[in-house]
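Thanks for coming. I have one structure to go through today, so please look at the screen.

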Amino acid sequence: MAQQIVIRFYSNGFAVDDGELRRIEDNHPFEGGQILRNSTALSALLQQPIRVIKIRAGRAQGGLRPQHLTGIQLLAEMCQAHLENGHIGSTDITFIPKTIHGGKYLADTKTAG
């Protein structure tokens, strides 16, 4: 299996660990699921497995919300990824993508968020 990349959430940004800890700081904290969306999209594009931890930890309702989970599930369907711990409220996931496949995909978050 390919090496996993770990993304840790901080109030001022995030860090990526791909064998050597690399800290990427942002003066403006990401809001909502920004890091989650970007990291899973890059994971799919690069075909690199990732583990995302402390998802939305600084939020009143931390963890995955319906719109985040639906987006990740749609992405997982598009690239035949294995998604571990993908459920509402989850604060960490593992996303192991394969090849992206074109097609028509439809998702409904069933929320306004």
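Is D92 buried, exposed or partly exposed? At 22% relative accessibility, D92 is partly exposed, where buried means under 20% relative accessible area, exposed over 50%, and partly exposed in between, with a 1.4 Å probe and protein chains only.

Before going on, the ground rules. This is a predicted model, in which local features need pLDDT of at least 70 and side-chain atom pairs count only at pLDDT 80 or more, while totals for chains, interfaces and linings use all residues. Residues are numbered from 1 along each chain as its sequence is written, and side-chain values use heavy atoms, with hydrogens and water left out.

Back to D92. Its side chain meets that of R51 in a salt bridge, at 3.9 Å from N to O. The rule is a side-chain nitrogen of Lys or Arg within 4 Å of a carboxyl oxygen of Asp or Glu, and the count by that rule is 1. D92 lies in the loop between β5 and β6, and R51 in strand β4, 41 residues apart. Helices (H or I, at least four residues) and strands (E, at least two) are DSSP runs, numbered from the N terminus. R51 is also partly exposed, at 33% relative accessibility.

Now helix α2, residues 66-78. Its 13 residues reach 18 Å from the first C-alpha to the last, close to the 18 Å expected at 1.5 Å a residue; the expected span is 1.5 Å times one less than the number of residues. Just after α2, Q80 takes a positive phi of about 50 degrees.

Which residues of α2 are buried? They are H68, L69, T70, I72, L75 and A76. Their cover includes α1, β5 and β6.

Take T70, in that helix. T70 has a relative accessible area of 15%, so it counts as buried.

Last, the core. The largest nonpolar core has 14 residues; such a core is a set of buried Ala, Val, Leu, Ile, Met, Phe, Trp, Tyr and Cys residues joined through side-chain atoms within 4.5 Å. Two or more residues each come from α1, β4, α2 and β6, and α2 gives the largest share, 4 residues. Among those with the most contacts inside the core are I72, I93 and F95.

Terms used. Contact = heavy atoms within 4.5 Å.
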